[in-house]
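Dear colleague,

I am passing on to you the structure we spoke about, with the sequence alongside. My notes on what was found in it follow below.

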Amino acid sequence: MAQSDTKKIFFENLSGAGKAIAVLTSGGDAQGMNAAVRAVVRMGLYVGAKVYFIREGYQGMVDGGENITEATWESVSSMLQVGGTVIGSARCKDFRTHEGRLKAALNLVTLGITNLCVIGGDGSLTGANLFRAEWSGLLAELVEQGSIEAQSVQNYTALHIVGMVGSIDNDFCGTDMTIGTDSALHRIIEVVDAIMTTAQSHQRTFVLEVMGRHCGYLALVSALACGADWVLIPEMPPEDGWEEKMCQKLSATRSRGTRLNIIIVAEGAIDRHGKPITSSIVKDLVVKCLGFDTRVTILGHVQRGGTPSAFDRILASRMGVEAVLALLETTANTPAWVVSLSGNQSVRLPLMECVEMTQKVQKAMDEKKFEEAVKLRGRSFENNLRTYKLLAHRKPESELPTSNFNVAVLNVGAPAAGMNAAVRSAVRVGISEGHRMFAVNDGFEGFYKGQIKEIKWSDVGGWTGQGGSLLGTKRTLPAKHVGKIAEQMRTHNINALLVIGGFEALESLLQLYEARAAYEEFCIPMCMLPATISNNVPGTDLSIGADTALNAIVETCDRIKQSASGTKRRVFIIETMGGYCGYLATVAGLAAGADAAYIYEEPFDIRDLQANVEHLTEKMKTSIQRGLVLRNENSNENYTTDFIYQLYTEEGKGVFDCRKNVLGHMQQGGAPSPFDRNFGTKISAKAMQWVTKKLVETFRQGRVFANTEDSCCLLGMRRRALIFQPVVQLKGETDFVHRIPKEQWWLKLRPLMKILAKYKTSYDVSDSGQLEHVVHNRPKDSDASVAM
């Protein structure tokens, strides 16, 4: 029997009956903690366990009494979209003492709690592990004192711990992203985007200080996402003489016509000698050396606040469910686990291995081994730093390689947020590689009409935060115009092609590949980057633009649900885009706490609709005030949004009323999310490096000639890695009629959404909870970190 089959059957027998699970949040708060608490409570109740809140973190565990209360299904309603932690968090000196932990043990044993889910940083998780190690000794001591019966020691022999990392700094080794990091990036980018408009008006320089006392992740990624001129982080202090270099860079940027400068400083930034570099020091330096009008903005606790992003809600929900499963499967011999995310996979790692690796980073920084500190942060951190340097610091013309290759870049299909960031990255990396870059306006329609012009480094300044497609994009496919396109490629001597777009981009590359037989002009390296809000491109788990659309839907759902606050019971029917792909409806449903999401990939009939109405009616009769139902636009040609609205309206009479909303093109608009900016930037940089490699490999006898399958590729994110896949090989994975991949990873999230909405369903855990170990060079690949 296959391992996955074994695990499926094991889950059917998995039960939490007779077990008690307690959940607490400790240390600094982070957006998404409430989503994790909600998932732990509901999954715990779903498997039949008793679940308890421990309020005010470890202090509540020590104090006991009303701080430890039993949780109900309804007690975690309407908390998904709330920032911070509703069960409270506190720093606790008492828990650091033996007496404090003794009190905590007594409070837990009294209620029969031997399973603990801790959401916090490395300090909180280390404390939990110490508590677990001392457990049997603490119980023996309580028996000696007469506080508990001797039988209790036998009944509660071991304390089981599972941790989830809640920290906006993303400073914990072993997970791609910690709960709260993405939301903090949203807050930073919102501020940066707002500051840019005022800075441009007055030709000012702004110095922004962001959180990160010991970790520069927020500073580095926000600098990458907004195209900052300079960034200062603790892991990689600038070389001696940085002051002069920074001022030269700012001056050069202004001389090219830019009206503003942005400098981002992590609060823990230092120089090579360990001396702090503060935002005020940087400001004074700019004013003294350049005389620029300079302002300082310290973001402070704004970064911790606000509504959690869609990513943080989904990450926390997945981790919460996985934590409960880990607690049910743990034995007295298993170590304390931390639930992490690697690419699209949930993994369990030994907690102390992660803590030790995290401490090694700080040790390397203390010893001024900065290169080692960057490596210990993980491959993604290294890639972020490398990409930022590549895009922010322009080499002098004399230092650029001269390749004499011409590379064209164009957008195809519907616009998607993040396309412009990808174009900017491609242009700047291409120029750094020595190529001449050409921009094609309006996709292949513009291509055959000759709307092609050379694009320079400064032409793409400020593009990262722009929504839509500044190059212009059309759905026109090249098949009918291959002759004219080939002629334009000859005219402009195009040696390689980078196509950024959705399903139409894939079809376009397939058509150009087939046209190679008739036109040698297409025997060149060609690469496609998936960019569509529908996330319906085969060969990749995620597309540029999908995260922004997801956040737009979730934010709208929050507002729509809030509109019913204080009124009578109400159900909202929301229609999302996506064509035949149900990604947006499903994942937005999970992030917004939907009761149902109707999609094409999971066929439904009138009996299913009736069951959903009855289920919602039953919930409404108890205490739930608002219901949310999502429907993908092409989920069923007969069961339309109007039909579902009318059905719910009729069947819910006397219990709830109904409203419907069609979200439409607002899902395509808006500024790109931090993830889409960085995802677009990084995969575009990787694609251009692949293009350069292929151009060198295929340059023979004075010209480029590439006609193999692997010279016409899609660069996609698959599970944990970015992979180049020949488009011809993707044909077998594609349903061309409905324009979707035949297999879609996110379908495994649907049972999770149903469980959290109180449906009885089977949950396949064959792909979750893989046990792994932290190793020195383990990839921490945030290129693949949106596991939604």
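To begin with burial, 62% of the 788 residues in the chain are buried, and please keep in mind while reading that the model is a predicted one.

As for the overall architecture, the chain contains 24 helices and 28 strands. Its radius of gyration is 27 Å, close to the 28 Å that the globule rule gives for 788 residues, so the chain is as compact as a globular protein of that length. Taken along the principal axes, the box filled by the C-alpha atoms comes to roughly 90 × 70 × 55 Å.

On the surface, there is a patch of positive charge in which Arg91, Lys93, Arg96 and Arg213 gather. One of these residues, Arg91, lies in the loop that runs between strand 3 (68-70) and helix 4 (98-110). Arg91 counts as exposed because its relative accessibility is 66%, where the cut-off for that class is over 50%.

How far apart are Ile452 and Gly84, in sequence and in space? The two are separated by 368 residues along the sequence, and their C-alpha atoms are 50 Å apart in space.

Terms used. Residues numbered from 1 in each chain as written. Predicted model: local features only at pLDDT ≥ 70, side-chain atom pairs only at ≥ 80, totals over all residues. Heavy atoms only, no water. Patch = residues over 30% accessible without salt bridge, like charges linked within 9 Å, V, L, I, M, F, W, Y side chains within 5 Å. Areas by Shrake-Rupley, 256 points an atom, 1.4 Å probe, with all protein chains shown as cover. Salt bridge = Lys/Arg side-chain N within 4 Å of Asp/Glu carboxyl O. Lys, Arg positive; Asp, Glu negative; His and termini not counted. Charge placed at Lys NZ, Arg CZ, Asp CG, Glu CD. Helix = DSSP H or I, 4+ residues; strand = E, 2+ residues; numbered from the N terminus. Buried < 20%, exposed > 50% of the residue type's maximum accessible area, 1.4 Å probe, protein only. Rg over C-alpha atoms; globule rule 2.2 N^0.38 Å.
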